[in-house]
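Here is a friendly briefing on a two-chain model, arranged by topic. Take a look at the sequence and the structure first, and then we can walk through the backbone, the contact and the sheet.

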Amino acid sequence: MSTNLNCHVLVVDDSPILRTAIKKVVKLAGVPEDRIFEAGNGVEALDVLETVWIDLVLLDLNMPVMDGEQFARELRNRPDLKDVAVVVVSTEANRERLERMHELGVEHTLRKPFEPEALCRLISDVLGVKPA
Amino acid sequence: MDTELPALDSNSLARLVVEALERTAFVLADPCEEPEQLPAADTFAQIDFTGPASGTVELRSSRAFARNLAASILGADQTEISDLQSEEALRELANIVGGSVITALGGSDCRFSLGLPRLGQGGATGDDTACILDAEGERLEVHCHRAKAA
């Protein structure tokens, strides 16, 4: 894909190696490298959101310090951040927890392991951009 | 309270792991008929699950497997991979395989939850379903231990 997406993406995952892998896919989807940010847990993610405008958060759920569900709840409680798009990228399979995420306005979930193309498509869908 | 887990046999477990490897890192693996031919396991990672039943998914691999895995995930040369990155890759694979296992056990109404993956020493105990894979000449063992009911 060669479309240059004019957006900012935040990758939140406690695994540095997965963050690196996901960032590569986001770049493949057309987001310039300098517009891709990362955080290792929900607290770090909120810190990023306070300093940079983010269009899309790719969110792991099982993380130390502040997990993905706590982060999403915090996000929705903040008037300036409540509309930020969130996609869960996680191994999470618990139906009740995924339903709680849905109630928090998180409509898209990508289960690990995922194919890079699936994440590219999802990013394009959520941001309303057609892949090149 | 522990209840009977749905069946997860060695072949099903191996399929889950092979798919996880292919999707996550483009690493190819097959069940191994002669595991004694593979290098010994010296790197371990595990993740606990709780819910209708509890247990642990444990990965035991050769150091070289973990290094190959990290290199594949990062798209880097194996010589650039540190021990820390190797361990991190195996820990993340434990997370991913753990997610696949609880999905297989729980189906569409999954009530299992995962803990956080961690490095281990090997030797988690309990009722065991296991598979041994030949991953491009390196060893990857996966054990699914169900905790004994109290």
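Glu136(B) is partly exposed, because 15 other C-beta atoms lie within 10 Å; the cut-offs are 20 or more for buried, 12 or fewer for exposed, and partly exposed in between, with C-beta atoms placed from the backbone. This is a predicted model, in which local features need pLDDT of at least 70 and side-chain atom pairs count only at pLDDT 80 or more, while totals for chains, interfaces and linings use all residues. Residues are numbered from 1 along each chain as its sequence is written, and chains are lettered from A and ligands numbered from 1 in the order in which they are written.

**Backbone**

- Glu136(B) has a positive phi of about 55° although it is not a glycine, and its place is the loop between β6 (127-135) and β7 (138-146) of chain B.
- Helices (H or I, at least four residues) and strands (E, at least two) are DSSP runs, numbered from the N terminus.
- Phe26(B), also not a glycine, has a positive phi of about 55°; this residue sits in the loop between α1 and β1 (30-31) of chain B.
- Phe26(B) counts as exposed, because it has 11 C-beta neighbours inside 10 Å.
- Lys112(A) and Pro113(A) are joined by a cis peptide bond, with omega about 0°.
- Pro113(A) belongs to the loop between β5 (108-111) and α5 (116-127) of chain A.
- Most residues other than glycine have a negative phi, and most peptide bonds are trans.

**Contact between the chains**

- Chain B gives 26 residues to the contact and chain A gives 18 residues, where contact means C-beta atoms, placed from the backbone, within 7 Å.
- On the side of chain B that touches chain A, the largest share, 11 residues, comes from α3(B).
- Helix α1 (residues 16-28) of chain A packs with α2(B) at an angle of about 35°, their axes 8 Å apart; axes are lines fitted to C-alpha atoms, for helices over the stretch in contact, and angles run from 0 to 180 degrees between N-to-C directions.
- Ile17(A), Thr20(A) and Ala21(A) of α1(A) meet Ala70(B), Ile73(B) and Leu74(B) of α2(B).

**Sheet of chain A**

- Five strands form an open sheet in the order β2-β1-β3-β4-β5 (chain A), with parallel pairing; strands pair if DSSP finds at least two bridges between them.
- β2 (36-39) and β5 of chain A stand at the edges, each with a single partner strand, so one side of each has no neighbour in the sheet.
- Val12(A) has Leu59(A) as its bridge partner in β3(A).

How values were computed
Two residues are in contact if their C-beta atoms, placed from the backbone, lie within 7 Å.
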